[in-house]
Amino acid sequence: MRDQAEALRLKMMKQQGELGRAIAIVSGKGGVGKSNFTMNFAMTLVQKGKKVAIVDMDIGMGNIHILIGRNVSNSLKDYLEGNKQLDEVIFEGPYGLKYISGGSGMTSVLEWSHSMFERLILAFEQLQKNYDYILFDMGAGATNWSLDLLTSIDEIIVISTAEPTSITDAYSMMKYIHVRDPEKQFYTLCNRAFSKEEGIETNERLKVTMKRFLDKDIETLGSLPEDPIVRKAVREQVPFSLAYPDALISKTLQLIVVRFIEHRVEEIHAHDQAAKKFITKLRSIFSKGRD
């Protein structure tokens, strides 16, 4: 089965050319607005003509669909267990955004069956073929299985706030991942900043700390301001970037998305190689102890 899946992977990559960017959005602790950022980041990408899929990996606590007032009948868990096909667990949000709910009851990948692992790989391959961006909304904190997945993804956006505990936890998260993969590309974003200066200081603290203790350079995306319209939009179950496009936070997010899209625009070939490495690394990491 594995040889057949590997042959399919190579065939797909040969046919599709450039692959979609696989990006994980993480935080060291809960309550920093990670999922809300993921949804609005995705919606802003979609509004700029990008094909985007969100995979909710906050196991047992997934809430991506709630942010847009939708219900889901099937989840990634249903697909992995062979009860549903991939297209049956992909749902459509505003403006063509696609999303997959994680579902509940999922366990460590080390406990998954061989067929579940193969279906996971095939799903991610298909998503990379069909979308420009695949955003993995990870659960808060670090677990062994989430670190396994994060090690295979080449680009990671780390969400923090200006609170000292949030900054410390964000650094710890990057450290956990960096120890496993020193080549990882990190982007930091300060959410809920009460001033532009506070956002700059938060990102700078993370950047300096990573360089000082791990000799690691990271990129800064910027900061999003504390804004009451965010809570209002959550209550209304609509992304703030759609409901309030003229709000400061929405306009700031627009600039952040443009900055992210344009990053490494002169390294398209390098990105293509990195995208291909995602599946290769994922297979290598998750198959340990299976052969």
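Contact here means heavy atoms within 4.5 Å. With that in hand, meet the protein: this is a predicted model, and residues 24 or more positions apart account for 80% of its contacts with a separation of 6 or more. There are twelve helices and eight strands, and buried residues make up 54% of the 291 residues. The accessible surface comes to about 13300 Å², with 50% of that belonging to carbon and sulfur atoms.

**How confident is the model?**

- Across the protein, pLDDT averages 85, and 81% of the residues score at least 70.
- Among the elements, α8 has the highest mean pLDDT, at 98, while helix α1 (residues 2-16) has the lowest, at 44.
- Over residues 1-16 the pLDDT is below 50, yet this stretch has 25 contacts in the model beyond near neighbours in sequence.
- Residues 265-270 also have a pLDDT below 50, and that stretch has one contact beyond near neighbours in sequence.

**Helix α8, side by side**

- With its 19 residues, α8 reaches 27 Å from its first C-alpha to its last, close to the 27 Å expected at 1.5 Å a residue.
- Its buried residues are Gly199, Thr202, Asn203, Leu206, Met210 and Leu214.
- These cover an arc of only 90 degrees around the axis, so they sit on the same side of α8.
- As a rule, an α-helix has 3.6 residues a turn, so residues three or four places apart point the same way.
- On the face turned away from that buried side you'll find the exposed residues Lys196, Glu197, Ile200, Glu201 and Arg212.
- What do the buried residues of α8 pack against? They pack against β6 (155-160), α7 (164-180), β7 (185-193) and β8 (219-225).
- Just after α8 comes Asp215, which takes a positive phi of about 55 degrees.

**Zooming in on Asn203**

- Asn203 lies in α8, which runs over residues 196-214.
- Is Asn203 buried or exposed? Its relative accessible area is 3%, and the cut-off for buried is under 20%, so Asn203 counts as buried.
- Leaving aside residues up to four places away in sequence, Asn203 touches Thr188, Leu189, Cys190, Thr220, Gly222 and Ser223.
- One of those, Thr188, is also a polar partner: a polar contact of 3.0 Å joins its side chain to that of Asn203.

Conventions. Residues are numbered from 1 along each chain as its sequence is written. Side-chain values use heavy atoms; hydrogens and water are left out. Helices (H or I, at least four residues) and strands (E, at least two) are DSSP runs, numbered from the N terminus. Buried means under 20% relative accessible area, exposed over 50%, partly exposed in between (1.4 Å probe, protein chains only). A polar contact is a pair of N or O atoms within 3.5 Å; within protein, one must be able to donate a hydrogen and the other to accept it, and residues adjacent in sequence count only if both atoms are side-chain atoms. The expected span of a helix is 1.5 Å times one less than its number of residues. The arc is that of the directions from the helix axis to the C-beta atoms. Accessible areas come from the Shrake-Rupley method with a 1.4 Å probe; for residues, only the protein chains shown count as cover. pLDDT is the predictor's confidence in each residue, from 0 to 100.
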